[in-house]
Amino acid sequence: MVNIAGQLTLEEFLALPEGDVYYELVDGQATPKVSPKFFHSTLQAALLILIRAWCKGKGRVLAEWAILLKRQGKDWVPLPDLTYISYERLPSSWKRNEACPAIPELVIEIISPDQTMKQLEDKVKDYLAAGVLRVWVIDPEAINIRVFLSDGSCQVYTDNTPIVDELLQSLELTTRQIFEEAELI
């Protein structure tokens with residue numbers, strides 16, 4: 001058993017063995033992620049399928065991939081539900097079994113039953129301050145998607161309104177399409 005209590009350096013955190021529990025590094029602490037439930041898992045799978053089909057040849061989209069970022073001047077290793085990073089930021093030739101070393105264009109977080117929108121909005125601010133250009137927050141209960149931009153603005157998408165973004169050219173998804181792919185509506 002590995003002791004994860006106390007302050008950890010980035011190197012100590014990254015050296016932790018893989019296990020059944022996933023951790024994020026926040027303020028020097030290994031913080032466990034909540035175990036996903038049904039809505040979360042099906043939405044994550046649906047988004048992975050839909051975005052992967054769009055990003056072939058452009059970049060990669062991965063679930064639960066740790067990202068090396070800075071938060072308030074300290075090492076921060078969040079574990080977003082999904083991460084999209086273009087080959088411009090991390091070339092297709094990069095193939096290492098490591099945390100993402102570059103700042104992605106998009107991270108997606110799905111609200112878990114024990115999380116509040118306020119908690120996720122704070123995390124969104126940290127992502128944007130670290131250089132992530134877009135953050136999507138999926139709310140399975142409200143059946144909506146909040147898209148946060150690097151300028152701090154936010155747009156809420158519901159039903160059949162397409163999420164169109166010049167950063168993610170030619171990706172056009174709707175909330176309905178994502179929730180239907182997840183078989184939640």
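Modeller: Start at Leu47. Leaving out residues up to four places away in sequence, Leu47 touches Arg52, Leu82, Ile108, Ile110, Trp136, Ile138 and Ile178. Contact here means heavy atoms within 4.5 Å.

A word on the basis. This is a predicted model, in which local features need pLDDT of at least 70 and side-chain atom pairs count only at pLDDT 80 or more, while totals for chains, interfaces and linings use all residues. Residues are numbered from 1 along each chain as its sequence is written, and side-chain values use heavy atoms, with hydrogens and water left out.

Now the core that holds Leu47. The largest nonpolar core has 25 residues. Leu47, Ile51, Ile108, Trp136 and Ile138 have the most contacts inside this core. Several elements give two or more residues to it: α2 (38-55), β6, β7, β8 (134-139), β9 (144-149) and α4 (175-181). Helix α2 gives the most, with seven residues.

Some terms. A nonpolar core is a set of buried Ala, Val, Leu, Ile, Met, Phe, Trp, Tyr and Cys residues joined through side-chain atoms within 4.5 Å. Buried means under 20% relative accessible area, exposed means over 50%, and partly exposed is in between (1.4 Å probe, protein chains only). Helices (H or I, at least four residues) and strands (E, at least two) are DSSP runs, numbered from the N terminus. In soluble globular proteins, nonpolar side chains tend to be buried together.

Follow Leu82 next, one of the residues that Leu47 touches. Leu82 belongs to strand β6, and is buried there. Strand β6 covers residues 82-86, and five of its five residues are buried. Both faces are covered. Leu82, Tyr84 and Ser86 lie on one side, with Thr83 and Ile85 on the other.

What pairs with β6 in the antiparallel sense over five bridges? Strand β3 (residues 59-63) does. Within that pairing, Ala63 has Leu82 as its bridge partner. Strand β7 (residues 106-110) also pairs with β6 in the antiparallel sense, over three bridges. Here Leu82 stands opposite Ile108. Two strands pair if DSSP finds at least two bridges between them.

Neighbours within four places in sequence aside, Thr175 is in contact with Ile143, Asn144, Ile145, Tyr157, Thr158, Asp159 and Thr161.

Turn to the aromatic rings. Rings of Phe, Tyr and Trp (its six-membered ring) pair if their centres lie within 6.5 Å; planes under 30 degrees apart count as stacked, over 60 as edge-to-face and the rest as tilted. By this rule there are four aromatic pairs. One of them joins Phe38 and Phe39. Their centres are 6.1 Å apart, with 55° between the planes, a tilted pair. Phe38 has a relative accessible area of 55%, so it is exposed. Phe39 is partly exposed because its relative accessibility is 36%. Trp76 and Tyr127 also form a tilted pair, 5.1 Å centre to centre with 40° between the planes. Trp76 lies in strand β5 (residues 74-76) and Tyr127 in helix α3 (residues 117-129), so this pair ties together parts 51 residues apart in sequence. Both Trp76 and Tyr127 are buried.

Two backbone exceptions follow. Most residues other than glycine have a negative phi. Gln72 is not a glycine, yet its phi is positive, about 50°. Gln72 sits in the loop between β4 (69-71) and β5. At 65% relative accessibility, Gln72 is exposed. Glu183 also has a positive phi, about 60°, without being a glycine. Glu183 lies in the segment after α4. Its relative accessible area is 69%, so Glu183 is exposed.

Last, step back to the whole chain. The chain has four helices and 12 strands. Its radius of gyration is 16 Å, close to the 16 Å that the globule rule gives for 185 residues, so the chain is as compact as a globular protein of that length. That radius is taken over C-alpha atoms, and the globule rule is 2.2 Å times the number of residues to the power 0.38. The C-alpha trace spans about 45 × 35 × 30 Å along its principal axes. Buried residues make up 45% of the 185 residues.
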